[in-house]
Amino acid sequence: MTQKQVSEHLNVTIRSYQRIESGEMLGSIRIWDALEDLFRIPQRELRLAAQRKEEAADRE
């Protein structure tokens, strides 16, 4: 899915979703519940993936 599609599913702006995805913004419980349902991946794994992505960006 594109970031635009995910943001539309979450009913947030693309920038808000990008900030959540990159770890700049935590996001609400509602958002994480919706992401978990959408991707069928536990929230903990989604958050860990976002954290790893942020750490990789910091190393660059």
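**Chatting about a helical model**

Q: What does the backbone oxygen of Lys4 lie close to, and how far away is that atom?
A: The backbone oxygen of Lys4 lies 2.8 Å from a polar atom of the side chain of Ser7. Keep in mind that this is a predicted model.

Q: Is Ser7 buried or exposed?
A: Ser7 is buried, because its relative accessible area is 2% and the cut-off for buried is under 20%.

Q: Which residues does Ser7 touch, if we skip the ones up to four places away in sequence?
A: With those set aside, Ser7 touches Val12, Thr13, Ile14 and Tyr17.

Q: New topic! Which residues make up the largest nonpolar core?
A: There are nine: Val6, Leu10, Tyr17, Ile20, Ile31, Trp32, Ala34, Leu35 and Leu46. Helix 1, helix 2 (14-22) and helix 3 (29-39) are the elements that give two or more residues to this core.

Q: Which helix gives the most to this core?
A: That's helix 3, with four residues.

Q: Let's pick Ile31. What is it in contact with, leaving aside neighbours within four places in sequence?
A: Ile31 is in contact with Leu10, Val12 and Ile20 once those neighbours are left out. Leu10 and Ile20 are also listed in the largest nonpolar core.

Q: Okay, pockets now. What is the volume of the largest pocket?
A: The volume of the largest pocket is about 160 Å³.

Q: Which residues line it?
A: The lining of the largest pocket is made of Tyr17, Ile20, Glu21, Trp32, Leu35, Phe39, Leu46, Ala49, Ala50 and Lys53.

Q: How many of those lining residues are nonpolar, polar or charged?
A: Eight are nonpolar, two are charged, and there are no polar ones.

Q: And which helices supply at least two residues of that lining?
A: Helix 2, helix 3 and helix 4 (43-59) each do. Helix 4 has the largest share of the lining, with four residues.

Q: While we're on helix 4, is Gln43 buried or exposed?
A: Gln43, which is found in helix 4, counts as buried because its relative accessibility is 17%.

Q: What does Gln43 touch, not counting residues up to four places away in sequence?
A: Gln43 touches Trp32, Asp33 and Glu36 on that count.

Q: Let's do loops. Where does Leu26 lie?
A: Leu26 sits in the loop between helix 2 and helix 3.

Q: Why does Leu26 count as exposed?
A: Leu26 is exposed because its relative accessible area is 62%, and exposed means over 50%. Still, Leu26 touches Ile20 and Trp32, not counting residues up to four places away in sequence.

Q: How far apart are the C-alpha atoms of Leu26 and Ile14?
A: Those C-alpha atoms are separated by 15 Å, and the two residues are 12 residues apart along the chain.

Q: Last one, backbone angles. What is phi of Asn11 near?
A: Phi of Asn11 is near 60°, a positive value in a residue other than glycine. Asn11 is in the loop between helix 1 and helix 2, and it counts as exposed, at 67% relative accessibility.

Q: And what about phi of Arg40?
A: Phi of Arg40 is near 55°, again a positive value in a residue other than glycine. You'll find Arg40 in the loop between helix 3 and helix 4, where Arg40 is exposed with a relative accessible area of 76%.

Notes
Residues numbered from 1 in each chain as written. Predicted model: local features only at pLDDT ≥ 70, side-chain atom pairs only at ≥ 80, totals over all residues. Heavy atoms only, no water. Buried < 20%, exposed > 50% of the residue type's maximum accessible area, 1.4 Å probe, protein only. Polar contact = N/O pair within 3.5 Å; in protein donor to acceptor, adjacent residues only side chain to side chain. Contact = heavy atoms within 4.5 Å. Core = buried A, V, L, I, M, F, W, Y, C linked by side-chain atoms within 4.5 Å. 1 Å grid on protein atoms, 1.4 Å probe; cavity = no way out; pocket = protein on both sides within 12 Å on 5 of 7 lines; lining within 4 Å. Points joined across faces, edges and corners; volume = space filled by probe spheres on them. Nonpolar A, V, L, I, M, F, W, Y, C, P; charged D, E, K, R; others polar.
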